[in-house]
Amino acid sequence: MPRVVVDVMLKPEILDPQGKAVHGALFRLGFEGVVDVRQGKRFELEVEGELTPDRLADVRRIAETLLSNPVIEDFAVRVEAEA
């Protein structure tokens, strides 16, 4: 079965308090060289049958209407190789 991955991230202009907290923790734990952290979500959808352009368009609509909030988040859809 084909696997489609949807990565959802806050838009760059939206503050990311969780990312800032992780960034601060990295510094306190002694990790250096990380200048910023943004936190996001990853969804993996296994699709039945062939991954047609119409089915991929359906996944994009799912990402836009259910998996993300398009007012404050961007998303990217990509296809992973079948296992």
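**Briefing: contacts, layout and charged pairs of a predicted chain**

Among contacts in the protein chain (heavy atoms within 4.5 Å) between residues at least 6 apart in sequence, 70% join residues at least 24 apart. The model is predicted: local features need pLDDT of at least 70, side-chain atom pairs count only at pLDDT 80 or more, and totals for chains, interfaces and linings use all residues. Residues are numbered from 1 along each chain as its sequence is written, and side-chain values use heavy atoms, with hydrogens and water left out.

**Overall layout**

- The protein chain holds 2 helices and 3 strands; these are DSSP runs numbered from the N terminus, with helices (H or I) of at least four residues and strands (E) of at least two.
- Read from the N terminus on, the order of elements is β-α-β-α-β.
- The radius of gyration of the protein chain is 16 Å, well over the 12 Å that the globule rule gives for 83 residues, so the chain is more spread out than a compact globule. The radius is taken over C-alpha atoms, and the globule rule is 2.2 Å times the number of residues to the power 0.38.
- The C-alpha trace of the protein chain spans about 50 × 30 × 15 Å along its principal axes.

**Surface and burial**

- The protein chain has an accessible surface of about 6,100 Å², and 58% of this belongs to carbon and sulfur atoms. Accessible areas come from the Shrake-Rupley method with a 1.4 Å probe; for residues, only the protein chains shown count as cover.
- Of the 83 residues of the protein chain, 23% count as buried. Buried means under 20% relative accessible area, exposed means over 50%, and partly exposed is in between (1.4 Å probe, protein chains only).

**Salt bridges between strands**

- The whole structure contains 10 salt bridges, each being a side-chain nitrogen of Lys or Arg within 4 Å of a carboxyl oxygen of Asp or Glu.
- Arg78 and Asp7 form a salt bridge, with their closest N and O atoms 3.3 Å apart. This pair links distant parts of the chain, as Arg78 is in strand S3 (residues 73–80) and Asp7 is in strand S1, 71 residues apart. Arg78 is partly exposed at 35% relative accessible area, and Asp7 is partly exposed at 23%.
- Lys41 and Glu73 also meet through their side chains in a salt bridge, at 3.4 Å from N to O. Lys41 belongs to strand S2 (residues 40–46) and Glu73 to strand S3, 32 residues apart. Lys41 is partly exposed at 34% relative accessibility, whereas Glu73 is buried at 12%.
- A salt bridge joins Arg42 to Glu80, the closest N and O atoms being 3.2 Å apart. Arg42 lies in strand S2 and Glu80 in strand S3, so the pair ties together parts that are 38 residues apart in sequence.
- Salt bridges that share partners join Arg3, Asp7, Arg42, Glu44, Glu46, Arg78 and Glu80 into one network.

**Asp16, a buried charge**

- Asp16 sits in the loop between strand S1 (3–10) and helix H1 (17–28).
- Asp16 is buried yet has no salt bridge, and the nearest side chain of opposite charge, Arg38, is 4.2 Å away. Lys and Arg count as positive and Asp and Glu as negative; His and the chain ends are not counted.
- A polar atom of the Asp16 side chain lies 2.7 Å from the backbone nitrogen of Gln39.
- Leaving out residues up to four places away in sequence, Asp16 touches Leu10, Val37, Arg38 and Gln39.

Definitions and conventions:
Polar contact = N/O pair within 3.5 Å; in protein donor to acceptor, adjacent residues only side chain to side chain.
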